[in-house]
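I opened this notebook to record what I looked up in one protein structure. The entries follow the order of my reading.

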Amino acid sequence: MSSTETEQSPQKPAQQQGFFGNLIFNIAIPVVIMSYLSSEEYLGPMWSVVVALAFPLGYGLYDLKISKKVNAFSVLGVISVLLTGGISLLKLPSEYMAIKEASIPAILGIAVLATQFSKKPLVKLMILNDQIVNWDKLNATLSEKNKHKEFSQKIAVSSYIVAASFFLSSALNYFLAKWILVSEPGTTAYTEELGRMTALSYPVIVIPSMILLVGALIYLFKQIGKCTGEPIETFLHQ
C-alpha cells in the first residue's frame with residue numbers, strides 16, 4: 001500500500017464518524033430525552049431540556065477541542081444550544097424560540113453575502129475549501145488564461161445560491177417553530193414539542209438546504225471546467 005493510500009484511508013471513517021456523531025448527539029439523543037423523559041415521573045420538563053441540550057453542547061465543545069480550530073459555524077452552534085436552553089428555562093414565549101431558530105441561519109446568509117465582496121468569500125470556506133480544491137493550481141491556470149475576473153463572477157453567483165439556502169432554512173425554522181410550539185413554556189407538553197421540532201428539523205429544513213448547497217457546488221465545478229478548459233478532477237485533491 002502506498003503512503004498516499006495510507007494517509008487517505010482514515011479520512012472517510014472520520015467523515016462518517018462526524019456525520020453520525022452529529023446525527024446522534026444533536027438530534028437522536030435530545031429527541032428521545034425530550035419526548036419520553038420530560039414527564040414528572042422521570043426528569044420533568046425543565047431537567048429534560050437541560051439533560052437533552054447537554055449532549056449537543058458537549059459534542060460541540062468536544063469537536064472544537066479535537067479539531068483545534070474555532071470557526072464561526074461551531075461557535076454559532078454552541079450559541080444556538082445555549083439560547084435554546086436559556087429560552088426554555090426562563091419559560092419565555094414560544095415566539096422567542098421561533099426568532100432564535102430563524103436568526104442563526106439568517107446571520108449565516110447575511111455573512112455569505114457580505115463576504116463575497118472580500119478577498120476571502122465565505123462560500124469558498126463552505127463548499128470549495130482547500131481540502132477539496134487545489135487553489136494554487138487553479139489560480140495559476142486562471143491567471144494563465146486570464147479568467148480570474150470571470151471566475152470571481154461565478155463565485156458571486158454561487159454565493160447567492162448558498163445565501164438563499166440559509167434564508168430558506170431561516171424561514172422554515174421560523175414557521176416550524178410557530179407550528180409546533182403551541183403549549184405553555186415550562187410544561188411537559190412544551191418540552192415534548194421541542195423534541196418533535198428537533199426531530200422534524202432534519203427532513204424539513206436540512207434536506208432542502210442541502211439540495212441548494214449541493215447545487216451551488218455542482219455549479220462551481222462546472223464553471224471551473226468552463227473557465228479553465230480542463231476537467232474538474234485536475235484541480236481536486238486526490
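This is a predicted model: local features need pLDDT of at least 70, side-chain atom pairs count only at pLDDT 80 or more; totals for chains, interfaces and linings use all residues.

Entry 1, one lysine. I began with lysine 124, which touches Asn129, Trp135 and Ile155 when residues up to four places away in sequence are not counted; a contact means heavy atoms within 4.5 Å. I found lysine 124 in helix α6, where helices are DSSP runs of H or I with at least four residues, strands are runs of E with at least two, and both are numbered from the N terminus. Is lysine 124 buried, partly exposed or exposed? I noted it as partly exposed because its relative accessible area is 24%, given that buried means under 20%, exposed over 50% and partly exposed in between, with a 1.4 Å probe and protein chains only. I also looked up serine 158, which is 34 residues from lysine 124 along the chain, with 9.6 Å between the C-alpha atoms.

Residues are numbered from 1 along each chain as its sequence is written, and side-chain values use heavy atoms, with hydrogens and water left out.

I listed nine helices and zero strands in the protein chain. Of its 238 residues, 36% count as buried. For contacts between residues at least 6 apart in sequence, I noted that 73% join residues at least 24 apart.

Residues 44-62 are 100% helix and 0% strand, with the end C-alpha atoms 27 Å apart. Residues 200-221 are likewise 100% helix and 0% strand, and their end C-alpha atoms lie 31 Å apart.

I placed valine 204 in helix α9, which covers residues 188-228. Why does valine 204 count as partly exposed? I assigned valine 204 to that class because its relative accessible area is 32%. Leucine 176 is 28 residues from valine 204 in sequence, and the two C-alpha atoms are 8.4 Å apart in space.
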